[in-house]
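Look at the sequence and the model below.

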Amino acid sequence: TPTEAEALFSAREIEVLRLLGAGRAAKETAGLTEATVAIYRKQAFKKLGVHKLPVALNKLHGEHKVVK
């Protein structure tokens, strides 16, 4: 079952966050350009109400409340 956070995102947004969290460089992420990855990251951070990747990943995994 998806977490509250996962329900807010497209599959691609979740994939990008997880790949970045696994240490992949933006240019290596899901075959997207660095600019596209930056857009996904910015949108995800805004949805989650965060400014850092580790906090975003914690929220994505249901460890904190999501900003609606």
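In helix 1, the buried residues are E13, I14, V16, L17, L19 and L20. The model is a predicted one, and every value given here was computed from it. What lies over these buried residues? The cover includes helix 2 and helix 3, the latter spanning residues 53-60.

The secondary structure consists of three helices and zero strands, and along the sequence the pattern reads α-α-α. Helix 1 covers residues 11-21 and helix 2 covers residues 34-48. After helix 1 comes G23, which has a positive phi, near 95°.

How do helix 1 and helix 2 pack against each other? Their axes are 10 Å apart and meet at an angle of about 100°. Angles from 65 to 115 degrees count as roughly perpendicular, so helix 1 and helix 2 are roughly perpendicular to each other. On the side of helix 1, the contact is made by R12, E13, V16, L17 and L20. On the side of helix 2, V37, Y40, R41, Q43, A44, F45, K47 and L48 take part. By type, the residues of this contact are eight nonpolar, one polar and four charged.

Is V16 buried or exposed? A residue is buried when its relative accessible area is under 20%; V16 has 1%, and therefore V16 is buried. Leaving out neighbours within four places in sequence, V16 is in contact with T29, L32, V37 and Y40. The C-alpha atoms of V16 and R41 are 7.5 Å apart, although 25 residues separate the two along the chain.

F45 gives the view from helix 2, where it is located. Its relative accessibility is 12%, so F45 counts as buried. Not counting residues up to four places away in sequence, F45 touches L17, V50, H51, K52, L53 and A56. F45 and A56 are 11 residues apart along the chain, and 6.4 Å lies between their C-alpha atoms.

Residues up to four places away aside, F9 touches I14, A44, K47, L48 and L60. F9 and L60 are 51 residues apart in sequence, while their C-alpha atoms are 9.4 Å apart in space.

Which residues form the largest nonpolar core? This core has 10 residues: F9, I14, L17, A44, F45, L48, V50, A56, L57 and L60. Each of helix 1, helix 2 and helix 3 supplies at least two of its residues. A second, separate core has five residues, among them L20, A26, L32 and V37. Nonpolar side chains tend to be buried together in soluble globular proteins.

Some totals complete the picture. The chain has 68 residues, of which 34% are buried. Its accessible surface comes to about 4400 Å², and carbon and sulfur atoms account for 55% of that surface. Of the contacts between residues at least 6 apart in sequence, 49% join residues at least 24 apart.

Key: Residues are numbered from 1 along each chain as its sequence is written. This is a predicted model: local features need pLDDT of at least 70, side-chain atom pairs count only at pLDDT 80 or more; totals for chains, interfaces and linings use all residues. Side-chain values use heavy atoms; hydrogens and water are left out. Helices (H or I, at least four residues) and strands (E, at least two) are DSSP runs, numbered from the N terminus. Buried means under 20% relative accessible area, exposed over 50%, partly exposed in between (1.4 Å probe, protein chains only). Contact means heavy atoms within 4.5 Å. Accessible areas come from the Shrake-Rupley method with a 1.4 Å probe; for residues, only the protein chains shown count as cover. Axes are lines fitted to C-alpha atoms, for helices over the stretch in contact, and angles run from 0 to 180 degrees between N-to-C directions. Angles under 35 degrees count as roughly parallel, over 145 as roughly antiparallel, 65 to 115 as roughly perpendicular and the rest as oblique. Ala, Val, Leu, Ile, Met, Phe, Trp, Tyr, Cys and Pro count as nonpolar, Asp, Glu, Lys and Arg as charged, and the others, Gly among them, as polar. A nonpolar core is a set of buried Ala, Val, Leu, Ile, Met, Phe, Trp, Tyr and Cys residues joined through side-chain atoms within 4.5 Å.
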